[in-house]
Amino acid sequence: MKIGITCYPTYGGSGVVATELGLELASRGHDVHFISYAMPVRITEATERIRFHEVEVVNYPLFDHPPYTLSLASKMYEVATSERLDLLHVHYAIPHSVSAYLARAMFEPRRLPFVTTLHGTDITLVGSDRSYLPITRFSIEQSDGVTAISEYLQRVTVQEFGIQRPVEVIPNFVNCDVFMPADGACRRSQFAPDGEKVLAHLSNFRPVKRVWDVVEIFERVRRELPCKLLMIGDGPDRARAEWLVREKGLTNDAIFLGKQSQVHRLLNCADVMLLPSELESFGLAALEAMACGVPAVCSNVGGLPEVIRDGIEGYLAEVGDVDTMAGRCLRILTEPGRLKEMGKAARRRAGDKFCSTKIIPMYEDLYRRVIERERTE
Ligand code: GMT
């Protein structure tokens, strides 16, 4: 198949999922065309089966805000025509599914079906802003296929958005041959020279991630146990987290690594992943850690309980309950055998439920159904 993929190319989880999906599809023989304003972060180069088409947004003094939605729709139409795309797959509804809707309309009488994958904040935060709601609902309803990354998100989309059409759950995934426990993938001594335990956090440092709670949890754990904290990623709340670290005198033990391309290596240095978010529709960072054999301590919200079972692959606690989360970390790190046992369970769950080898065929099946339906209608 020839598939056009649109996503936010930055470090957000939806961009990561879209990019990994494109890479996996290409490795299975499909032609993938990324259509976005920048090359997605995890794509290092174009290959025979992976192409990138940049959306250039023309500005003009009259425009207060450059019309990206329209530039994207035009580019989608252009690429679909020149590359004879079979379908478009957009990640994150706003504004991508609106652009795809326009491109499909421009394409008529030929057919250009589009699939929308909902990731979370496009529904839970941005989409429920009253000003965005009608257009988001419309473009979801108009999609030829709609998927949500967890049962939680499917429920919210149907109930709170009042979506009438079917929303299929296709969970997020990891490449279990890349994200795996691997001796030597990460040199622990560079972060923990005296054999300290290592806690990690990986996100885009947005308010929803509650990075200040990560610091609070770490401070409590460190009171009881020599340990280090790896803060992986970057975003608006990084400065706040760094300030808190300084205030608490943790500068020598909390290491801010910024954006990283070899996340799977770094995760091999971690003992516990912290994800105390306000909300997660899925929690890709937790899954990536689990695939590397690292248990996660997370908030009991959204889709996280679908990924981690409390007490088996990690622990879940109420949002903001940093005392409980710190206690759970200590339990993992100090009770004999628990770290090893939970790490194994985490890897097993990632392998059983969320490996790309299991999930990519679900997308391929959906694409085929959508294309087939278009042909027979
Ligand atoms: O809000 C974010 O953290 C970014 C957002 C995104 O689209 O990049 O993340 C959402 O999608 C990820 C990938 O599917 C999920 O793993 C995250 O749980 C989800 N974030 C939220 O629901 C807050």
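Cys 292 counts as buried, with a relative accessibility of 5%, where buried means under 20% relative accessible area, exposed over 50% and partly exposed in between (1.4 Å probe, protein chains only). Its sulfur is 9.4 Å from the closest cysteine sulfur, that of Cys 176, which is too far for a bond; a disulfide is taken here as a pair of cysteine sulfur atoms within 2.5 Å. Cys 329 is also buried, at a relative accessible area of 0%, and the closest cysteine sulfur to its own, in Cys 227, is 8.7 Å away, again too far for a bond.

This is a predicted model, in which local features need pLDDT of at least 70 and side-chain atom pairs count only at pLDDT 80 or more, while totals for chains, interfaces and linings use all residues. Residues are numbered from 1 along each chain as its sequence is written, and side-chain values use heavy atoms, with hydrogens and water left out.

Two disulfides are present in the structure.

| Pair | S to S distance | S-S torsion |
|---|---|---|
| Cys 176 and Cys 355 | 1.9 Å | about -115° |
| Cys 186 and Cys 269 | 1.9 Å | -100° |

The torsion of the pair Cys 176 and Cys 355 makes this disulfide left-handed. The bond links distant parts of the chain, 179 residues apart: Cys 176 is in the loop between β7 (168-169) and β8 (197-202), and Cys 355 in the loop between α13 (338-353) and α14 (356-376). Cys 176 is buried at 6% relative accessibility, and Cys 355 is buried at 8%.

The link of Cys 186 and Cys 269 is left-handed as well. Cys 186 lies in the loop between β7 and β8 and Cys 269 in the loop between α9 (263-267) and β11 (272-275), so this pair ties together parts 83 residues apart in sequence. Both Cys 186 and Cys 269 are buried. With the bonded cysteines numbered in sequence order, the pairing is 1-4, 2-3.

Turning to the whole fold, the protein chain has 14 helices and 13 strands, assigned as DSSP runs (helices H or I, at least four residues; strands E, at least two) and numbered from the N terminus. Its radius of gyration is 21 Å, close to the 21 Å that the globule rule gives for 377 residues, so the chain is as compact as a globular protein of that length. That radius is taken over C-alpha atoms, and the rule is 2.2 Å times the number of residues to the power 0.38. Of the 377 residues, 56% count as buried.
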